[in-house]
Amino acid sequence: MKAMRLLLPLGCLLASSLFIACSNETEETTRPIEISAKGEYNDVLTYTLTTDTLDCDFDITSSMGRCTAVVLDADPKNPSAVVVQNGNHVTVKLLREHTSIRLSDESGQERRIDIRSTSEKLKQAGYVVDFAYGTTMKLKPTFGTGKYRVVRNSDVADITIDAEDVLHIKGNRGGATGYYTLEDQRGIKAFLEVRVRDGRDITS
């Protein structure tokens with residue numbers, strides 16, 4: 001009987017230890033991906049952040065092992081943002097008003113972060129200029145952060161950009177329309193349509 005009395009507490013202690021170990025293991029394997037920035041959940045896996053700036057920063061405060069962040073873009077050649085990650089700190093440099101980021105950790109967990117910015121500098125910009133052949137049109141873009149360049153060109157007009165970020169547009173062909181893409185130093189893009197009215201060079 002004494003042996004049975006001794007075995008009973010030992011058995012209970014072993015069972016309790018096993019229960020605690022299982023509980024800790026369950027807690028460990030179900031730690032979700034969480035971030036420091038305050039937002040709202042659209043659903044279980046999607047978290048929405050709103051900002052009025054060009055950058056969005058947050059820390060990954062919970063995950064199963066190392067967590068990585070990537071931009072979800074349908075067209076990688078025209079990105080909506082650039083992610084810079086330093087350990088658990090993530091900086092999202094916005095190139096458009098809206099972007100989506102996927103966080104994934106070593107266990108295979110994923111969380112989607114939707115970021116929306118109200119910054120005026122990120123609003124989709126488009127410009128149309130219409131002028132006579134033989135003249136030069138000036139245009140001062142207002143999108144992005146300046147230091148513009150032309151990344152898609154056309155032979156309808158020549159475009160030069162001065163030190164003040166003013167575009168000087170000179171028509172090459174009358175009665176033609178050309179389409180251009182402008183980009184600032186950050187990578188924010190805008191579209192430019194150039195319409196050159198009919199005209200021709202007069203020679204004596």
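**Notes on the predicted model**

1. Strand 2 and strand 3 (residues 46–51) make an antiparallel pair over 2 bridges. Pairing here needs at least two bridges between the strands by DSSP, and the strands themselves are DSSP runs of E, at least two residues long and numbered from the N terminus. Within that pair, Tyr-41 sits opposite Tyr-47 in strand 3.

2. A word on ground rules: this is a predicted model, where local features need pLDDT of at least 70, side-chain atom pairs count only at pLDDT 80 or more, and totals for chains, interfaces and linings use all residues. Residues are numbered from 1 along each chain as its sequence is written, and side-chain values use heavy atoms, with hydrogens and water left out.

3. What about the core? The largest nonpolar core has 42 residues, and the members touching the most others are Leu-49, Phe-58, Val-92, Leu-103, Ile-169, Leu-192 and Val-194. A core in this sense is a set of buried Ala, Val, Leu, Ile, Met, Phe, Trp, Tyr and Cys residues joined through side-chain atoms within 4.5 Å. Buried means under 20% relative accessible area, exposed over 50%, and partly exposed in between (1.4 Å probe, protein chains only). As background, nonpolar side chains tend to be buried together in soluble globular proteins.

4. Neighbours within four places in sequence aside, the contacts of Leu-103 (heavy atoms within 4.5 Å) include Ile-33, Ile-35, Phe-58, Ile-60 and Cys-67.

5. If you were wondering about cysteines: the disulfide count is 0, taking a disulfide as a pair of cysteine sulfur atoms within 2.5 Å. Cys-56 is buried at 7% relative accessible area, and Cys-67 is buried at 0%.

6. How many aromatic pairs are there? The count is 3, where rings of Phe, Tyr and Trp (its six-membered ring) pair if their centres lie within 6.5 Å, and planes under 30 degrees apart are stacked, over 60 edge-to-face and the rest tilted. Tyr-127 and Phe-143 make a tilted pair, at 6.5 Å centre to centre with 45 degrees between the planes. This pair links distant parts of the chain, 16 residues apart: Tyr-127 belongs to strand 10 (residues 125–132), while Phe-143 is in the loop between strand 11 (136–139) and strand 12 (149–152). Both Tyr-127 and Phe-143 are buried. Ring pairs also bring in Tyr-148, giving a cluster of Tyr-127, Phe-143 and Tyr-148.

7. Two backbone angles deserve a look, since most residues other than glycine have a negative phi. Lys-147 has a positive phi, near 55 degrees; Lys-147 is in the loop between strand 11 and strand 12 and counts as exposed at 60% relative accessibility. Asp-165 also has a positive phi, near 65 degrees. Asp-165 lies in the loop between strand 13 (157–161) and strand 14 (167–171), but counts as buried at 15% relative accessibility.

8. Which residues does Gln-185 touch, not counting those up to four places away in sequence? They are Thr-145, Gly-146 and Lys-147. Gln-185 itself is in the loop between strand 15 (176–183) and strand 16 (189–197), and is partly exposed at 48% relative accessible area. The Gln-185 side chain reaches the backbone oxygen of Thr-145 at 2.9 Å. The C-alpha atoms of Gln-185 and Gly-144 are 8.1 Å apart, although 41 residues separate them along the chain.

9. Ser-80 is in the loop between strand 5 and strand 6 (81–86), and is buried at 3% relative accessible area. The Ser-80 side chain makes a polar contact with the side chain of Thr-99 at 2.7 Å. Such a contact is a pair of N or O atoms within 3.5 Å; within protein, one must be able to donate a hydrogen and the other to accept it, and residues adjacent in sequence count only if both atoms are side-chain atoms. Other contacts of Ser-80, sequence neighbours within four places aside, include Val-71, Asp-73, Leu-94 and His-98.

10. Last, Gly-174, in the loop between strand 14 and strand 15. Gly-174 is partly exposed at 28% relative accessibility. Gly-174 and Asp-198 are 24 residues apart in sequence, with 4.3 Å from C-alpha to C-alpha.

Key: Helix = DSSP H or I, 4+ residues; strand = E, 2+ residues; numbered from the N terminus.
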